[in-house]
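Please look over the sequence and the model shown here, and then follow the walk through its parts below.

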Amino acid sequence: MKLIHGYGSSGRGGKIRVAVRRELSARQARGQIAGFVPGENFSIFEEETRQALQRCDALRRDQDLERYNNGVTFVIL
């Protein structure tokens, strides 16, 4: 699942982005989701991305791969 939350107008990251990732981290720790990849880490050079690609090959076709977009987060259910 791709969440589009934006980055925020402050230039430091928006409140929605921070809250979404905090919640995803908690859900991953509780085993409710398999994982998540912040858009700025969505690169084949990042281990978390390689693991996500193994679980969901369709992610390889996403237009944000290698774009370092911190306004999105990928959730692996």
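The expected span of a helix is 1.5 Å times one less than its number of residues, and helices (H or I, at least four residues) and strands (E, at least two) are DSSP runs numbered from the N terminus. This is a predicted model, in which local features need pLDDT of at least 70, side-chain atom pairs count only at pLDDT 80 or more, and totals for chains, interfaces and linings use all residues. Residues are numbered from 1 along each chain as its sequence is written, and side-chain values use heavy atoms, with hydrogens and water left out.

Helix 1 has 15 residues, which at 1.5 Å a residue should span 21 Å, and this agrees with its end C-alpha atoms, which are 21 Å apart. The buried residues of helix 1 (under 20% relative accessible area, with exposed meaning over 50% and partly exposed in between, for a 1.4 Å probe and protein chains only) are R17, R21 and L24. Seen down the helix axis, these buried residues fall within an arc of 60 degrees, so they line one face of helix 1, where the arc is that of the directions from the axis to the C-beta atoms. On the other side of helix 1, K15, I16, R22 and A29 are exposed.

H5 lies in the loop between strand 1 (2-4) and helix 1 (15-29), and it counts as buried because its relative accessibility is 14%. Leaving aside neighbours within four places in sequence, H5 is in contact (heavy atoms within 4.5 Å) with residues including R17, R21 and T73.
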